[in-house]
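Morning, everyone. I have one model to walk through today.

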Amino acid sequence: MTDGPVLVRHDGSVAHVVLNRPAARNALNLAMCHRLREVFEDLDSDGDVRVVLLSANGPAFCAGADLKERHGHDAAWVRRRRLASFAAYETIERCAKPVVALVRGPVVGSGGEIAMSCDFIIAGDDTTFRFPEPHRGTVGATQRLQRVIGRGRAKELLFTARVMDVREAAAVGLVARVVPADDLLAEGARTAETIASAPPLSIGLTKQAVDLGSETDLGNGIRIEMAAIERCLADGGTNLDRRPPDVRNGQGLPARPANDQLYSGQKGPSTPSLDGARGGDQ
């Protein structure tokens, strides 16, 4: 596809997803929400894809929600539009393949939600972040942002709507790596090549173990890792199965050993059940 709000191209085992509304600074509109969801659902089930790179055309990654789009629509439409954006973020977040955001220029509001829905962010040195939702009379970025940079820092950015430069973003963990803006796509390609060179099963299980482990305590997190290790060993570590087993809701986890020293130091008399834990919820 060469036109539309989101472009997709494949380069071997790497999929490139590109936000494509440069004239609107890639502001998120309803069509882009629907297309992002559709694209990531397709990529998630595509056995030939091992890594996804998410970038944008133009000098801005995403200027936030397209506020002009709301003119002339009623409250019900605005709510449907909001739910469509949440669905798009969640679909990116739940993709079983590693998803790397390549950002440069302004990353505002919804743009930050898109980037934070990816596994990590590589940023050009001209990148800035801003979360102005409260100053626009609405609420947003209250959940992912605090999970990435901490509650206090998230409140400060949301309450003040100030611009965070890329060096600060890297220092607080919002950005994994900063590169010269002109080298961003090349660095992304090198990173994707490195990830794609690893056995896809172990990469997929590693992503799942990190995501699920972040939702529970250390004891259950170790159980999740043990299950992943056992699956890799069973397949010799090189199985080309693109999708790891679903161990959500405790399925496929090894039983917790009685009095195992790995679990000493946990709070409370026992480790809570994983029932209801969901990978990727942020």
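**A helix pair and a strand**

Keep in mind that this is a predicted model. Start with two helices, α8, residues 200–213, and α9, residues 218–234. Their axes come within 9 Å and cross at roughly 170 degrees. An angle over 145 degrees counts as roughly antiparallel, so α8 is roughly antiparallel to α9.

Who makes the contact? From α8 we have L201, S202, L205, A209, L212 and G213. From α9 come G221, I224, A228, R231 and C232. By type, that contact splits into seven nonpolar residues, three polar and one charged.

Now to the strands. Look at β2, residues 14–19. Is β2 mostly covered or mostly open? Mostly covered: six of its six residues are buried. In a regular strand, side chains alternate between the two faces of the sheet. Here V14, H16 and V18 point one way from β2. A15, V17 and L19 point the other way. Both sets are buried.

What pairs with β2? On the antiparallel side of the story there is β1, residues 6–11, joined to β2 over six bridges. V6 stands opposite L19 in β2. β1 and β2 form a hairpin, with two residues between them. G12 sits in that turn, with a positive phi of about 65 degrees.

Then there is β3, residues 51–56. Six bridges join β3 to β2, and these two run parallel.

Terms used
Residues numbered from 1 in each chain as written. Predicted model: local features only at pLDDT ≥ 70, side-chain atom pairs only at ≥ 80, totals over all residues. Heavy atoms only, no water. Axes fitted to C-alpha atoms, helices over the stretch in contact; angles between N-to-C directions. Helix = DSSP H or I, 4+ residues; strand = E, 2+ residues; numbered from the N terminus. Parallel < 35°, antiparallel > 145°, perpendicular 65-115°, else oblique. Contact = heavy atoms within 4.5 Å. Nonpolar A, V, L, I, M, F, W, Y, C, P; charged D, E, K, R; others polar. Buried < 20%, exposed > 50% of the residue type's maximum accessible area, 1.4 Å probe, protein only. Pairing = 2+ DSSP bridges.
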